Amino acid sequence: MKFKLLLASLLVSASIFAQKSDSLKSKQLEEVIVTANKREENIIKVNTSITSLSAKKLENTRTWGLGGLSALVPNYNYQELGVTFQQIQAIRGIQVFSENPAVSTYIDDVNNIDILANGFAFTDIERIEVLRGPQGTLYGRNAMGGVINIITKKPTNTASGFGEVSFGNLGLQRYSAGYKAPLVKDKLFFGINGLYQQQNGFLINDTQGTTATSTAANGKTVGGENNLYWNLYLKWLASKKLSVTLNVKGQSDNSDNSGFMVSQSSDAFAFANPDKINLARIASHERNIVNTSVVGKYLGDKFTITSISALQTIAFGFKDLDFPGLYHSFYENKIGELLPPQEVYSQELRLNSFKESKWQYTLGLYAFAQKGYEPTTNTAYELSDMEATAYGMPKGSYLISRNRSNNSGLAGFGELSYQFNTQWKATLGLRYDQEKREATFNGFGDAIFMAGAVTNIKPDLTASGTYTSLSPKFAISYSTGDLSSIYASYTRGFRAGGINASSLPAGVKQTFDPEYSNNYEVGYKAFLANKRISVGASAFMINWTDLQFYNLVAPFTYARENVGDAQSSGVEVEITAIPAKGLQLEGSLGINPTEYKGFNLKRLNFATGAEITTAIGGNKLSNAPSHTLFLAAQYEANLGAKLKAVVRGEVRNMGSYYTDIQNKIEQPTYTLLSSRIGLEYGKYSLFVWGQNLNNERYLAYGNPDSSFGRQARIAAPRTVGITLSSKF
């Protein structure tokens, strides 16, 4: 009830402000252009729930990564296990339980297919579009919950640059700079930017109660990381109709006190001791990722042809990971080595109608080939002296797990819209995906590493599977020009099936099938009061089927299988208003009741050997807050010809949720208060800021399956800092 009253109050206040706006001579909200349908369109006319975050809003909210989207985007929740590339994004309760994400992330039209590819630092961003709800027709695999579109700034005929420096607590240092300019006016353009960021962890290690044989790790900080990001553009306008853009992005992440995959011993411990962790050793990690893409566009009289060719490589390694027991990355011959680089080649060819007409279309083909070395299944488990003796091995031996995957896919998609008249439009879409997955692997304990050599006790296994999927879309909308629209839609998303890369008994399926999400939605978007208020609202219901989850499939044997179904429903509202000159109010609200539908998890009581069945039906979806609420006010005052003061305050409120499918690890409702205050003088600015100013301690992660323990990880405490920037 209090949220309904809050929403009603916000709407009434916005209306009152609108009535006063003429006398206050306030400015208007700007038109928002998005590319959600793989063409540039006014956001009002797009029949999808979209949150579009401009470069200015990202700066105002100090959004430096995907974690900053929680609550800012209705019904969006972000969690991570120690590092930004081991993340869980959930939209409307649809989340990941495997290496295939449930929310697909694109950067400049290139899909980050693997979860390990995410975690790019943000700098020089043009905008971020968050598409809420399944988007399988145009985006394909892993867009079950939605899509994150990240669009960076491109070079133009105008030379420009920027520099920015930030310092804060927890040892934060952040430096970024960039420059864009024409090399040959109207023909050849160049752009480059970079970012270096480092921050210390806040968890203090205590080796008491661990298997540590040395106290060297005692009192050490855990969770620090260094990030180096760079982005290079070269754009060629071959003619008035043809352009070609080469883009190379890279990021290096490393840490000698890594938080990768480590957690506090339980959720109770995490809440009671938020700054403490117990590890026998402190891990290190390194990740190097390079994305290379070539985008060609041909602008015809009635159509546009777009070609997107991309190669993504990721090298990753870690050492001394206490998870539990000590693990190191391994594939060939060195403990803690960088795994062979994962490689993803992709090609999209797209044809879009160009000129306005009753018929509008998008047609395309998409193909990819992926060679992968998933880090948690390419490991060396370090045997303790007692374990080595029990296995009859020399001290210092390791049990080796290896997994190499070769995946490929091909898809054809199309979307056709018909404008009946100036108000009514209908859209039909369909996508067909075919994907082949293959894995070569060994079972745990089937290979050992000792005295610098690998011995295969059993030969490697190879398994494969082929999967197909149809992703339809239907929508109908009614609009009044660029000022308002109402729509109803059905969309479908899917996550690819896969292979259990472990040795399974005969008769047990080595593969598991895709899972699907079917979304039914109605929505409303409008500019009101002479474009001084913008409103977006939607109501939805998602049926999530064939969930992939680990289950007991044979005596003492676990594997991923399709365990059951779930349902998510709710409403979302976003409002921006300019009640007076210099004052902007923002608000968003998401309400999201969810439920798993009638399926059971099977587990083993290791003490007795008996099988345990847990009924999951009726539980709430994990990582699905009951509500998300975001409120912000920003006031800008002119103090002189070039001098301006800016004051901003924000409130984020996340409703209670469980992180695990059994509903045992609960994160109660929490609130975060943030502020940003500063001065802008021409192209220079100086701001002080603070996030989580009330120092709320809440979970950054809780394991999705509490059958084997209730590991958790607390989020960072209050962060404060200062940022100096210049544009030229």
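Author: What follows begins with the nonpolar patch and its strands, and then turns to other strands and to the aromatic rings.

The model is a predicted one, and the values below are computed from it. The patch covers about 810 Å² of surface and is made by Phe420, Trp424, Leu428, Phe474, Ile476, Tyr478, Ile486, Tyr524 and Leu528. Two or more of these residues come from each of β27 (424-441), β30 (461-479) and β34 (515-528), and β30 gives the largest share, with 3 residues. Ile476 is a residue of strand β30, and because its relative accessible area is 31%, Ile476 counts as partly exposed.

Although β34 gives two or more residues to the nonpolar patch, the strand is mostly covered, with 10 of its 14 residues buried. β34 is joined to strand β31 (residues 484-495) by 12 bridges, and the two run antiparallel. In this pairing Ile486 stands opposite Tyr524 of β34, and both Ile486 and Tyr524 are among the residues that make the nonpolar patch. β34 also pairs with strand β35 (residues 533-554), again in the antiparallel sense, over 13 bridges. Here Gly523 has Ser538 in β35 as its bridge partner. The hairpin of β34 and β35 has 4 residues between the strands, and Ala529 takes a positive phi near 50° in it.

Strand β6 (residues 103-107) has 5 of its 5 residues buried, so the strand is largely enclosed by the rest of the structure. In a regular strand the side chains alternate between the two faces of the sheet. In β6, Val103, Thr105 and Ile107 point one way while Ser104 and Tyr106 point the other way, and all of them are buried. β6 runs parallel to strand β9 (residues 146-152), to which 5 bridges join it, and Ser104 stands opposite Val147 of β9. With strand β7 (residues 110-111), β6 pairs in the antiparallel sense over 2 bridges, and the bridge partner of Ile107 in β7 is Val110. The hairpin of β6 and β7 has 2 residues between the strands, and Asp108 in the turn has a positive phi of about 50°.

Another piece of the structure is an open sheet of 3 strands in the order β14-β13-β17, with mixed pairing. Its edge strands are β14 (221-222) and β17 (276-277), each of which pairs on one side only. Strand β13 (residues 203-205) runs parallel to β17 and is joined to it by 2 bridges, with Lys276 of β17 as the bridge partner of Ile204.

The structure holds 21 aromatic pairs. One of them is formed by Phe85 and Phe260, a tilted pair at 6.3 Å centre to centre with 35° between the planes. This pair links distant parts of the chain, since Phe85 is in the loop between β4 (76-80) and β5 (87-91) and Phe260 is in the loop between β16 (242-255) and α4 (267-272), 175 residues apart. Phe85 counts as buried because its relative accessibility is 0%, and Phe260 is likewise buried, with a relative accessible area of 1%. The rings of Phe330 and Phe449 have centres 5.0 Å apart and planes at 50°, so this pair too is tilted. Phe330 lies in the loop between β21 (326-329) and β22 (342-353), whereas Phe449 lies in strand β28 (residues 447-450), so the pair ties together parts that are 119 residues apart in sequence. Phe330 is buried at a relative accessible area of 0%, and Phe449 is buried at 8%. Phe85 and Phe260 also belong, with Phe316 and Phe318, to one aromatic cluster. Finally, the ring of Tyr139 has the charged end of Lys38 sitting over it, 4.8 Å from its centre.

Definitions and conventions: Residues are numbered from 1 along each chain as its sequence is written. This is a predicted model: local features need pLDDT of at least 70, side-chain atom pairs count only at pLDDT 80 or more; totals for chains, interfaces and linings use all residues. Side-chain values use heavy atoms; hydrogens and water are left out. Rings of Phe, Tyr and Trp (its six-membered ring) pair if their centres lie within 6.5 Å; planes under 30 degrees apart count as stacked, over 60 as edge-to-face and the rest as tilted. Buried means under 20% relative accessible area, exposed over 50%, partly exposed in between (1.4 Å probe, protein chains only). A charge sits over a ring if NZ of Lys or CZ of Arg is within 6 Å of the ring centre and within 35 degrees of the ring normal. Two strands pair if DSSP finds at least two bridges between them. Patches are made of residues with over 30% relative accessible area and no salt bridge: like charges are joined within 9 Å, nonpolar side chains (Val, Leu, Ile, Met, Phe, Trp, Tyr) within 5 Å. Accessible areas come from the Shrake-Rupley method with a 1.4 Å probe; for residues, only the protein chains shown count as cover. A salt bridge is a side-chain nitrogen of Lys or Arg within 4 Å of a carboxyl oxygen of Asp or Glu.
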